[in-house]
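User: I would like to learn how to read the features of a two-chain model, one at a time. Could you give me the general idea in each case and then show me where it applies?

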Amino acid sequence: MSAIPSSPLKAEVKKLNFYYNLVQALNDVNLPIAEKRITALIGPSGCGKTTYLRCFNRMHDLYPGNRYEGEIILYPDQLNIISPKVDPIEVRMRISMVFQKPNPFPKTVFENVAYGLRVRGEARRNLLEEKVEKALKQAALWEEVKDRIHDLAFNLSGGQQQRLCIARALATNPEILLFDEPTSALDPTATSKIEELIMQLKKEVTIIIVTHNMQQAARVSDYTAFMYLGEIIEFDKTDKVFTHPSIRLTEEYITGRFG
Amino acid sequence: MKERGIEFILLLSALSSIFITLSIVFILLYEALGFFKDVSILEFLTGKQWTPLFAQPKFGILPLVAGTLLVTGIAVAVALPIGLIVAIYLSEYAPFRIKEVAKPILELLAAVPTVVYGYFALLFLTPILQKFIPNLSGFNALSPGIIMGLMIIPYVSSVSEDSMKAVPMHIREGSYAMGATKFQTAFKVIIPSAFSGIAAAFIIGISRAIGETMVVAIAAGMMPNLTLNPLEPIQTLTAYIVGVSLGDVPHGTVEYKTIFAAGITLFFMTLSLNILGFWFRRKIREVY
């Protein structure tokens, strides 16, 4: 737990504990999230990296019995997003998420991307059209779907569906974009497209990505946190973690000796 | 050898259900054809009076069809919205404890004998309604229609709820992650995702309402009446069939054969509904 990022922080996790009922899944974790950088969470299955990610948009609030302790401070307004006083919907309005499996809604391409705007009460057609087009361009999908924007989203390929979900998440101008193993259901070609896209997107938005693919973390991220058994074992600049890890457990994991 | 024997028995049981269905259709058609030797199809389909037991009988089926559609319409207007809301509540909102209690009670609604519902409509609901609607007659379409609607809520809600529960969790989470409320998620994502199941539930509910007999036979009156006014007494196809079957109409007469004419009309109504449902589901499946 060294290496304070040199760029300004978008969020900061302080002494976060998380419990699924009585089972503690995250143990006193801390993490700085650098603004407009990509932070990767890596670690073996069950280490708590997805649990950690889902704290950032309060996904755990959907299920009874889950409990947070500690703080996740969102800058610049220093809002503690896991405070029970903060409405999870308000948090999700500012922090978007892309899931492991593409999960488009049974709607057209257009309506999928417009969904976040519509739930925010936006109904002006020209504004929706403008924002949908912009989001699809950001997600590098516009050229492929511009002629069938009113077709059902299920007609797209898996990789296109995932980029559609990225466009959907981008359409509302989120401050942080969370990726939960976004390429685990995709083939290598689609995967490299998504990776390229994620690297492009950091110009505009702060990104946190969970991945079980270490090469992916090494390729795309600026900072990497290695997690094990609900704790952050090591956090540093990505090239440092992958070339000179300071902790033995990290080295053993990235060299494939366990995991 | 043993395998073959088992296979043969299974085939036989499968065929028996097809055989029974076909023979019902055959008998219905055969007897109805006998009826149409005595009464022209044109008179049957366009006549505005249904008085087969009178000295000068009239055989126009329209009053019975109108009665059936009227009561079904009222029942459906009650059951579909309430059934859908109940399903949304149980699938998306209800905490586990409440669900545990509410579901069996709801299913109990379907287990009450329909005779009980009939007398409930006649002796309980009609008098109450008469306090608000003074010109409501003792037998009417409104009261059994409403009761029938309550009766078919569990049919609509349980199939709808099953299809909503089957919507994968990651679709739901996708909606919540966009900042949607529970209400927005239920109406904008869950209902469209479960649409084919909800449509099937609606069609089951409507078929059930068209075929329902006891409630209307008891509380709607036994008066073929070409009207869409829910305050008047009416008769449905099913109530006519049960009424005539219970009386002593001699076998082989035209009066006797009217049972089958009414039956075949009912059959075509539910059949077309089933075909509609089938077409609908296939269309939905193509879309998905």
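Analyst: Let us begin with the elements of one chain. Helices (H or I, at least four residues) and strands (E, at least two) are DSSP runs, numbered from the N terminus. In chain B there are 12 helices and 0 strands, and the C-alpha trace of this chain spans about 70 × 70 × 35 Å along its principal axes. This is a predicted model, in which local features need pLDDT of at least 70 and side-chain atom pairs count only at pLDDT 80 or more, while totals for chains, interfaces and linings use all residues. Residues are numbered from 1 along each chain as its sequence is written, and chains are lettered from A and ligands numbered from 1 in the order in which they are written.

User: What percentage of the residues in chain B is buried?

Analyst: A residue is buried if 20 or more other C-beta atoms lie within 10 Å of its own, exposed if 12 or fewer, and partly exposed in between, with C-beta atoms placed from the backbone. By that criterion, 39% of the 288 residues in chain B are buried. As for contacts, two residues are in contact if their C-beta atoms, placed from the backbone, lie within 7 Å; of the contacts in chain B with a separation of 6 or more, 72% join residues 24 or more positions apart.

User: Which residues have the most contacts inside the largest nonpolar core?

Analyst: A nonpolar core is a set of buried Ala, Val, Leu, Ile, Met, Phe, Trp, Tyr and Cys residues joined through C-beta atoms within 7 Å. The largest one has 148 residues, and A:Ala167 and B:Val156 have the most contacts inside it. Helix α3 (residues 62–93) of chain B gives the most to this core, with 15 residues. Leaving aside residues up to four places away in sequence, B:Val156 touches several residues, among them B:Ala79, B:Leu84 and B:Phe202.

User: Which domains does the assignment give for chain B?

Analyst: Domain bounds come from an automatic or database domain assignment, and for chain B it gives domain 1 (2–38) and domain 2 (62–287). The contact between them takes 7 residues from domain 1 of chain B and 8 residues from domain 2 of chain B. Taken over C-alpha atoms, the centres of these two domains of chain B are separated by 28 Å.

User: How many residues of chain A are in contact with chain B?

Analyst: On the side of chain A there are 21 residues, in contact with 16 residues of chain B. Elements giving two or more residues to the side of chain A that touches chain B are α2 (88–94), β6 (95–98) and α3 (109–119) of chain A. For composition, Ala, Val, Leu, Ile, Met, Phe, Trp, Tyr, Cys and Pro count as nonpolar, Asp, Glu, Lys and Arg as charged, and the others, Gly among them, as polar; this side of chain A divides into 12 nonpolar, 4 polar and 5 charged residues.

User: In what order do the 6 strands of the open sheet in chain A lie?

Analyst: Two strands pair if DSSP finds at least two bridges between them. The order in chain A is β6-β7-β8-β3-β9-β10, with mixed pairing, and the edge strands, each of which pairs on one side only, are β6 and β10 (231–237) of chain A. Within this sheet, strand β3 (residues 38–42) and strand β8 (residues 206–210) of chain A pair in the parallel sense over 4 bridges, and A:Ile38 has A:Ile207 in β8(A) as its bridge partner.

User: How do helices α6 and α7 of chain A lie across these strands?

Analyst: Axes are lines fitted to C-alpha atoms, for helices over the stretch in contact, and angles run from 0 to 180 degrees between N-to-C directions. Helix α6 (residues 158–170) of chain A lies across β6 and β7 (176–180) of chain A, at about 175° to β6(A). Helix α7 (residues 188–201) of chain A lies across β3, β7 and β8 of chain A, at about 145° to β8(A).

User: Which strands of chain A form a hairpin?

Analyst: They are β1(A) and β2(A), with 2 residues between them, and A:Asn21 in the turn has a positive phi of about 50°. Strand β1 (residues 9–20) and strand β2 (residues 23–34) of chain A pair in the antiparallel sense over 8 bridges, and A:Ala11 stands opposite A:Ile33 in β2(A).

User: Is A:Gln78 buried or exposed?

Analyst: A:Gln78 counts as exposed because 9 other C-beta atoms lie within 10 Å.
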